[in-house]
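Subject: Structure handover

Hi,

Here is the structure we talked about. My notes follow below it.

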6 protein chains.
Amino acid sequence: MPLVVRNTPRTDLAVVDSLAKAGVATVHEAQGRMGLLRADIRPVFRPTRIAGNALTCEVAPGDNWTIHIAVEQAQPGDILIVTPTSPCDDGYLGELLAESLRAHGVRGAVLDTGVRDVATLTEMGFPVWSKTVSAQGTVKETPGNVQTPIVCAGAYVRPGDVIVADDDGVVIVPREQAAAVLDAAQAREANEASKRIRLAAGELGLDIYGMRDRLAAKGVRYVDYEDSP
Amino acid sequence: MPLVVRNTPRTDLAVVDSLAKAGVATVHEAQGRMGLLRADIRPVFRPTRIAGNALTCEVAPGDNWTIHIAVEQAQPGDILIVTPTSPCDDGYLGELLAESLRAHGVRGAVLDTGVRDVATLTEMGFPVWSKTVSAQGTVKETPGNVQTPIVCAGAYVRPGDVIVADDDGVVIVPREQAAAVLDAAQAREANEASKRIRLAAGELGLDIYGMRDRLAAKGVRYVDYEDSP
Amino acid sequence: MPLVVRNTPRTDLAVVDSLAKAGVATVHEAQGRMGLLRADIRPVFRPTRIAGNALTCEVAPGDNWTIHIAVEQAQPGDILIVTPTSPCDDGYLGELLAESLRAHGVRGAVLDTGVRDVATLTEMGFPVWSKTVSAQGTVKETPGNVQTPIVCAGAYVRPGDVIVADDDGVVIVPREQAAAVLDAAQAREANEASKRIRLAAGELGLDIYGMRDRLAAKGVRYVDYEDSP
Amino acid sequence: MPLVVRNTPRTDLAVVDSLAKAGVATVHEAQGRMGLLRADIRPVFRPTRIAGNALTCEVAPGDNWTIHIAVEQAQPGDILIVTPTSPCDDGYLGELLAESLRAHGVRGAVLDTGVRDVATLTEMGFPVWSKTVSAQGTVKETPGNVQTPIVCAGAYVRPGDVIVADDDGVVIVPREQAAAVLDAAQAREANEASKRIRLAAGELGLDIYGMRDRLAAKGVRYVDYEDSP
Amino acid sequence: MPLVVRNTPRTDLAVVDSLAKAGVATVHEAQGRMGLLRADIRPVFRPTRIAGNALTCEVAPGDNWTIHIAVEQAQPGDILIVTPTSPCDDGYLGELLAESLRAHGVRGAVLDTGVRDVATLTEMGFPVWSKTVSAQGTVKETPGNVQTPIVCAGAYVRPGDVIVADDDGVVIVPREQAAAVLDAAQAREANEASKRIRLAAGELGLDIYGMRDRLAAKGVRYVDYEDSP
Amino acid sequence: MPLVVRNTPRTDLAVVDSLAKAGVATVHEAQGRMGLLRADIRPVFRPTRIAGNALTCEVAPGDNWTIHIAVEQAQPGDILIVTPTSPCDDGYLGELLAESLRAHGVRGAVLDTGVRDVATLTEMGFPVWSKTVSAQGTVKETPGNVQTPIVCAGAYVRPGDVIVADDDGVVIVPREQAAAVLDAAQAREANEASKRIRLAAGELGLDIYGMRDRLAAKGVRYVDYEDSP
């Protein structure tokens, strides 16, 4: 029986917003390289970068009824995240649902399905990540779960986990770890900024990261071209 | 034996042009969700939106000879649509063929193959939808059919059927139904415009579409987070 | 044992730069339709067009250590080309490596893997072609070969072969043939320019290429629509 | 509105059964290399070879209701052929539907979707070709068309067209052409049998097919290894 | 930091073994169509049908070290289930690991990666489900988690959840629900057996499932062929 | 211009035959994990295991003329290996070409294309590895190179290199290294046989390979379930 869970916990939007600034690649590294969605989940337009609380939604193939149910559970700062119960490329979300989601404070959407009206979504500046673009419409016959834990594009997501999404893809941060991951991400950013300056000046990663001894230990052999096998 | 059919029927361009305005998603809904090409047929540049009469063309793998035959059969307002007799990603169309097609009034091209010279196609503003981008050239050894019925990317297309193509993909409207589909599409557009206003004002789809009774009948259960299983 | 080959031969940059102007499709035709990479190797941003000397690099799955080794072997005018020893979509290259490569005169990168930080790569204007975009990071545990012959995305590449890359894809020109291919490419360009003018004026390819006799010999049959089978 | 067409024409089973003997590759050649389904439609078990009259069926994604409707329209000698209105890998057919189809004289099934219970289908010896094997079940909410023309896996199929299916795949023969295609297929088989004997005896295709002059005309050059470039 | 969790809970093997008898399709239906792995996870040999307790394992790309760690945590009745931290088709498991797993009572393995030595695995009768077959070996440089919750091929799996795997694919039953799912599966099997008898006797699903009224309500229209549009 | 190279070097068949016994996975390891073809090149029937000298062949898309040219260059102990100049799934080889190849002593075939007549190939016991099975025929219009170096399915292959192929896939051994690789493979086999006995007796890989210290150094942490995070 389909279940709609109300009043689920959310992550503090101050933390969420700071995670958005760090971006997907940095956040992913900062939490030990976990929580990334499959790489075929791509943004409808670029550049874009957002973060928000997961508003989860499980849909039947070819059926977007559940998204209408989910809108009622939305809170400002949420990002809709949709997984089909079996693989489906149909266009589950278009300009009408985007308008409705935006009216309820939802910041964007991530779908392991298709979406449509992408020209309008782009004009509206409503950021959406999806597996496919497809004009194929959907029916409203089989409702599914809202705000229950789901697996979306290979990642486990619970309501109120943080979704960070940008041109590189989408990553999930469990809500209990959001603050700690933010700290780690910010430390990482500072470190990367200083490294970028050194690399731009021509210093080698081999030296900055102290890799030469390990290379030798691994048996890496340097030869001149005329001596190569 | 390859067949080239001359003087095939076309759809009235006034109808065709109005279908372009409605766009792929609306036209697809308006004709009962039929006639969509596979979702991996994507535009070379975005945004773009056109409609035209199908100029059909069946090509051998790695061989674009038939497209040259097709150009001679073109009329202003046509869109070239190309299907390979077996799957092929080669670059069947580039700047030269685009120039030639445009000189004969062709509005764009749809190919279930690859295309090339995409930087030039973009500069020219000549809209093309394809499965792939590939620099791989083709030979001219095996001619195929022109202006016969074909299956392209999963859709059945006859000469003079209407092709509508935009950022969401490509849909085929049978020429006998073009006027009726246009009526349905325009009705649908008016309806959607009014719904968009209500949704933007925060009304819920659940209420606008009167879904609450059906949800209850389907056994959808609402629980608070602390009571969830 | 991993091998790093120093002081490999390069192709004269005057030839390389002229090949860039010809572009991938023309160069590919000019060398007899050889040397193209798989069509799923796509640019991170468009439009873009470069050429350079191949700086080859073979990486373990999920491990980008070898790229750091390769940077030290770079010379101005090089393009980094990376192949994994087994298929991998991870993000092997991001803003830090791009910064480092640029500091050493490298003009761009081609990877049969994923890349990340694509928003930054785009801002930097550092051109990259890859199979995927992925935020997934990599480790530094297993070094591989640098400046040895490799197979990348279906093409055989040796250090100092010319890489030409643009919106249509990527092609490899063996360094011994670079000058001859350039000649052929330039001849081809002149020929295409004159054909484009004739096609734009409405002349048919069937006439320009003298195809009508061969069509008849192949048994192509023309019929009017009302007489078609 | 879904349509079920009754009393559709069929092809004479004597012709159908002889087409089965010729097999898919020969029949495909005999009708000018047309009508083949996509190569990813594969048999559940091998070896197998059947032919029958197409019993067509269009299903909604994740919904097999229409197949139940189709069973009632079946006649002995039919083969069920199923296309989804948008791509779907769910298990639309399992042991119960196979049992039901068999009880009504249906010889097998071809689906551009998934199937399940493949161990039982194999034990039953009920031949099925599908895109996928998947245990994922389907709902019964959205009926579709039965015995109307469809596109299945890239081929156009009308009720009563002949389906020939074996280990090589599936091909459709339009019912009006079935007798002529059978004649051509049988001529082809006789010809191939005599060629097979000559080839088994070591004669070369170059000689049997008289290809040597054409090879020379195409500029094929023979060199010894020590003289190769 | 990689984590190995010891002494995790398991599901009673009596329940597990009865779930094996029911098979994947029935168990999947019985638990409300949840927990199925992606359909591209296929058995190395057929027919086969097993169930066991999940022994979970998260591996780095191209690195099977963690599987060696997992063997030590195995208990009789377990099934190894392996997910890579990013997509990888390498051959993570071959005859040596299969021998080692079997020696510790492990009944089979499920991997969202490649496997190798499939001829030997088949001879041994050690059942394995995988995404790919690949001879590509792996390194032992980066350990990962053992017996922690994972996402494998789109399904969420915890140590001691029940894995049921057969020719149709693989399904996960949460250990808390195993007994209830078994009851539902057995009820379903009895029901299906009686239906199969009626269908084999030629009764129609339309009548057995009482679908005719709903069909009419959905507007399904029956017409004879000569009256069809 | 197409080139046919005669009298190319071959590898001693005694070495070739011993490499067959070692099998693909072992040979691949023995030569440092190089030379494997893409994992989607699969055998038409299983089990099977052969080795032979590469008879290389480059074909145009949809055109198998070159294979007929190649047969004339065959010597006993060869394996035909075919690469298309652009991706193509057509059925390039069927029973007639298999018969012809066998008559000239060819042991099997590897194609990065489709093949057909797979039921007959299976009956004949003529082993073939291919990317696809497809009944789609080919033309004879565009000849290609025979016995020149090629890239096939991601591997670089020269005439007379050793091809080893079995249920796990296909690997190429450069002819100059064949004897050395055989020595390494046989050493590896002996080593694996002794390990298999120890593993079958229940010894752990962690102990046999002495991995426990390295695990600790990598920071792997063991906790009991009740203490896990």
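Start with C:T48. At 14% relative accessibility, C:T48 counts as buried, because the cut-off for buried is under 20%. C:T48 sits in the loop between β2 (42-43) and β3 (49-59) of chain C. Leaving out residues up to four places away in sequence, C:T48 touches C:P43, C:P127, C:W129, C:A165, C:D166 and C:D167.

Please keep in mind that this is a predicted model.

**Chain A in outline**

Chain A has 229 residues, and 63% of them are buried. Its secondary structure comes to 8 helices and 11 strands. The C-alpha trace of chain A spans about 70 × 40 × 35 Å along its principal axes. Take the contacts in chain A with a separation of 6 or more: 75% of them are between residues 24 or more positions apart.

**How the copies relate**

Two copies of a chain are related by a rotation about an axis and a shift along it. A rotation of 120° superposes chain A on chain B, with 0.0 Å of shift along the axis and an RMSD of 0.0 Å. The two copies are therefore related as by a three-fold rotation axis. Chain A can also be laid on chain C: the turn is 120°, the shift along the axis is 0.0 Å and the RMSD is 0.0 Å.

Some chains do not touch. Chain C and chain D are one such pair, with their nearest C-alpha atoms 12 Å apart. Chain A and chain F are another, and their nearest C-alpha atoms are 12 Å apart.

**The sheet in chain F**

In what order do the strands of the open sheet in chain F run? The order is β2-β6-β5-β4-β3-β9-β10, which makes 7 strands with mixed pairing. β2 (42-43) and β10 (169-173) of chain F stand at the edges. Each has a single partner strand, so one side of each is left without a neighbour in the sheet.

Inside the sheet, β5 (residues 109-115) and β6 (residues 128-133) of chain F pair in the parallel sense over 5 bridges. For F:L111, the bridge partner in β6(F) is F:S130.

Helices pack here too. Helix α1 (residues 13-22) of chain F packs on the sheet and touches β3 (49-59) and β9 (162-166) of chain F. The direction of α1 makes about 110° with that of β3(F). Helix α3 (residues 65-73) of chain F lies across β3, β4 (78-84) and β5 of chain F. This helix runs at about 130° to β3(F).

**Helix α3 in chain D**

Is helix α3 of chain D largely enclosed or open? Of the 9 residues in α3 (residues 65-73) of chain D, 8 are buried, so the helix is largely enclosed by the rest of the structure. The buried residues in α3(D) are D:W65, D:T66, D:I67, D:H68, D:I69, D:A70, D:V71 and D:Q73.

**A buried glutamine in chain B**

B:Q147 is in the loop between β6 (128-133) and β7 (150-152) of chain B. Is B:Q147 buried or exposed? At 3% relative accessibility, B:Q147 counts as buried. The side chain of B:Q147 makes a polar contact with the side chain of B:T8, at 3.1 Å. Not counting residues up to four places away in sequence, B:Q147 touches B:V5, B:T8, B:R10, B:A54, B:L55, B:T56, B:Q73 and B:P159.

**Aromatic pairs between chains**

A pair of aromatic rings is described by the distance of the centres and the angle of the planes. The count comes to 3 aromatic pairs over all chains. One of them is A:Y156 with E:Y156: the ring centres are 3.8 Å apart and the planes are at 10°, so the pair is stacked. This pair crosses between chains, from β8 (residues 155-157) of chain A to β8 (residues 155-157) of chain E. A:Y156 is partly exposed, with a relative accessible area of 30%. E:Y156 is partly exposed as well, at 29% relative accessibility.

Next come C:Y156 and F:Y156. Their ring centres are 3.8 Å apart with planes at 10°, so this pair is stacked. C:Y156 lies in β8 (residues 155-157) of chain C and F:Y156 in β8 (residues 155-157) of chain F, so the pair joins two chains. C:Y156 counts as partly exposed at 29% relative accessibility. F:Y156 is partly exposed, with a relative accessible area of 29%.

Best wishes

Notes:
Residues are numbered from 1 along each chain as its sequence is written. Chains are lettered from A and ligands numbered from 1 in the order in which they are written. This is a predicted model: local features need pLDDT of at least 70, side-chain atom pairs count only at pLDDT 80 or more; totals for chains, interfaces and linings use all residues. Side-chain values use heavy atoms; hydrogens and water are left out. Two strands pair if DSSP finds at least two bridges between them. Helices (H or I, at least four residues) and strands (E, at least two) are DSSP runs, numbered from the N terminus. Contact means heavy atoms within 4.5 Å. Axes are lines fitted to C-alpha atoms, for helices over the stretch in contact, and angles run from 0 to 180 degrees between N-to-C directions. Copies are superposed by least squares on the C-alpha atoms of residues with pLDDT of at least 70 in both. Buried means under 20% relative accessible area, exposed over 50%, partly exposed in between (1.4 Å probe, protein chains only). A polar contact is a pair of N or O atoms within 3.5 Å; within protein, one must be able to donate a hydrogen and the other to accept it, and residues adjacent in sequence count only if both atoms are side-chain atoms. Rings of Phe, Tyr and Trp (its six-membered ring) pair if their centres lie within 6.5 Å; planes under 30 degrees apart count as stacked, over 60 as edge-to-face and the rest as tilted.
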